[in-house]
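Subject: Structure for your review: pockets and cavities

Dear colleague,

Please find below the structure that I am handing over to you.

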Amino acid sequence: MKHLLLGDEAIAQGAIDAGLSGVYAYPGTPSTEITEYIQLVESRKSKDRPSDSKKSKVERPIQCRWATNEKTAMEAALGMSYMGKRALVCMKHVGMNVCADAFMNAAITGVNGGLIVVAADDPSMHSSQNEQDSRFYAKFAMIPCLEPGNQQEAYDMTAYGFEMSERLKTPVLLRVTTRMAHSRAVVETVSDPRPQNAMSMPENVNHFILLPAFAKRNYAELVAAQPRFTEESERAGYNRYVRGTKPEKAIVTTGIAYNYLMENYDPATGYSILRVTQYPLPQAMIDEMVKDGAKEILVAEEGQPVVEELLRGMVPSDIAIKGRLTGDLPRMGELTPDSVRQALGLAALPTREKETIVVGRPPALCQGCGHRDMYAALNEVAREYPSPRIFGDIGCYTLGALSPFHAIHACVEMGASVTMAKGAADAGQHPAIAVIGDSTFTHSGMTGLLDCVNANANVVVLISDNLTTGMTGGQDSAGTGRLEQICCGLGVAPEHVRVVVPLPKNMEEIKTVLREEIEYAGPSVVIARRECIQTLKRHLKAAKRS
């Protein structure tokens with residue numbers, strides 16, 4: 001069967017057809033569509049599934065609810081794998097930082113059922129606060145990494161990744177980038193999907209108990225497995241080396257960058273090409289390239305110079321390695337067909353600057369958004385103090401840093417608003433205010449609030465609750481309907497957990513509540529609650545259809 005799929009959707013369909021039992025994820029662009037696709041497919045299946053599945057022979061539903069954060073997702077997936085089932089974990093690149101503890105240790109425990117971790121990197125920072133290359137995590141953990149260069153490979157390599165994971169007893173990292181995740185192509189899928197694994201316990205339970213004595217043995221096994229991982233990358237057939245007629249010049253390219261090369265490559269040049277889509281790097285193919293007489297190697301890779309740096313330790317020092325580190329390709333941002341063209345020494349094609357084609361439209365909060373009224377009230381109250389500091393967080397409300405509000409003074413990463421406000425208060429800052437969304441609060445703000453409670457920090461935590469994960473398209477938020485209980489459970493005095501409705505008509509009430517909590521000498525929480533205008537529209541449309 002043929003389907004027109006995003007790269008994300010190809011991964012999702014590949015996982016389903018490979019016998020997936022659970023997908024665990026926190027929404028983050030450009031990875032979100034993987035889980036959403038599986039949720040859509042599963043919702044359609046559920047309509048045809050018998051109500052009493054325990055008495056039927058129908059497979060268990062695929063677990064596809066959103067996790068609270070990437071760490072809980074990684075740990076739940078490892079638990080699914082422990083039981084012999086195939087599990088998929090999905091996140092954007094910065095989510096790898098959140099799940100790093102569980103991810104690194106999963107390399108030491110190994111797996112039972114197949115386990116694939118999808119990291120969707122965002123070079124050029126289209127919707128992210130940094131550029132980060134997740135291939136470093138695979139090298140750090142010493143596990144195999146897959147990097148498909150097109151949607152068909154994304155589909156095929158997902159099934160291969162599960163099979164390899166179970167055969168080699170290791171988690172596998174599958175890395176894509178924004179253009180790969182969010183572009184479409186025709187994908188041919190299997191007609192006979194694989195059934196889910198039967199539940200089975202690990203043969204050696206001690207493998208999953210990381211007491212030092214067991215962990216040392218497991219780590220030795222991981223180190224000993226490295227030659228097998230390298231052999232796999234050479235044997236599987238996804239990495240390919242083609243000797244050119246003039247092999248003294250060679251090109252090493254990875255993932256989607258291969259497409260940019262092919263838009264500009266002239267076979268008449270005779271350059272050799274090594275295409276890498278699986279790691280560890282295929283040492284035998286690199287040795288063959290050197291043996292063929294390569295004297296200069298251009299490395300075209302999307303992201304940071306991972307391969308470029310590795311090659312410097314794998315080939316003789318007299319071979320010139322060129323790429324991002326040498327300035328032959330841009331040191332930051334996405335590659336383009338034009339940048340690769342110039343690196344090949346070809347004349348630039350005529351182009352027009354984007355500024356002359358499209359009028360700049362900076363992002364802004366939606367009209368009717370509750371964050372707008374929250375910021376309007378907050379700004380008025382903040383102006384009553386000589387030097388207020390408002391610490392923002394990751395979400396739609398980060399746009400409060402821009403016109404017309406200019407309301408926040410810092411935004412670093414998920415959950416940092418609360419703990420940075422605490423640190424500022426510890427230094428003597430008053431008022432110290434944290435602005436955080438409901439989904440971000442449950443993702444990584446709760447522990448910071450507990451720190452505030454334990455230190456009796458003079459901090460106001462303003463949770464802008466739009467009842468969804470708005471920035472990534474309106475996915476479920478883990479704390480919906482229970483934020484007050486969570487805050488009280490963490491130790492905030494109930495009389496200092498206040499709820500307001502951010503509407504113009506309530507402006508005076510909101511300002512009064514903010515003033516009172518700023519003057520309270522201790523941690524307090526103000527929840528500004530109003531449904532996201534976009535999800536509200538969708539809910540109203542759905543109600544009309546029904």
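**Pockets and cavities**

Helix H4 (93-98) and helix H17 (438-455) each supply at least two residues of the lining of the largest pocket, where helices (H or I, at least four residues) are DSSP runs numbered from the N terminus. H17 gives the most to this lining, with five residues.

This is a predicted model, in which local features need pLDDT of at least 70, side-chain atom pairs count only at pLDDT 80 or more, and totals for chains, interfaces and linings use all residues. Residues are numbered from 1 along each chain as its sequence is written, and side-chain values use heavy atoms, with hydrogens and water left out.

The search was run on a 1 Å grid over the protein atoms alone: a cavity is a set of points where a 1.4 Å probe fits but cannot get out, a pocket is an open set with protein on both sides within 12 Å along at least five of seven lines, and lining residues have an atom within 4 Å of a point. Volumes are the space filled by probe spheres set on the points, which are joined across faces, edges and corners.

The largest pocket has a volume of about 850 Å³. Its lining comprises 40 residues, and Ser-127, Gln-129, Ile-394, Gly-395 and Met-471 lie nearest its centre. By class, the lining holds 13 nonpolar, 23 polar and four charged residues (nonpolar: Ala, Val, Leu, Ile, Met, Phe, Trp, Tyr, Cys and Pro; charged: Asp, Glu, Lys and Arg; polar: the others, Gly among them).

For the second largest pocket, the volume is about 380 Å³. Of its 21 lining residues, Thr-109, Gly-110, Val-111, Lys-169 and His-207 are the closest to its centre. Helix H5 (100-109), helix H9 (212-224) and helix H10 (226-235) each contribute at least two residues to that lining, which divides into 10 nonpolar, seven polar and four charged.

The structure also holds two cavities of 30 Å³ or more. The largest cavity, with a volume of about 40 Å³, is lined by Asp-121, Pro-123, Glu-131, Gln-132, Asp-133, Arg-175, Gly-303 and Gln-304. Four of these residues are charged, three polar and one nonpolar.

The second largest cavity has a volume of about 30 Å³. Glu-147, Pro-148, Val-176, Thr-177, Met-180, Gly-255, Ile-256 and Glu-302 form its lining, with four nonpolar, two polar and two charged residues.

Yours sincerely
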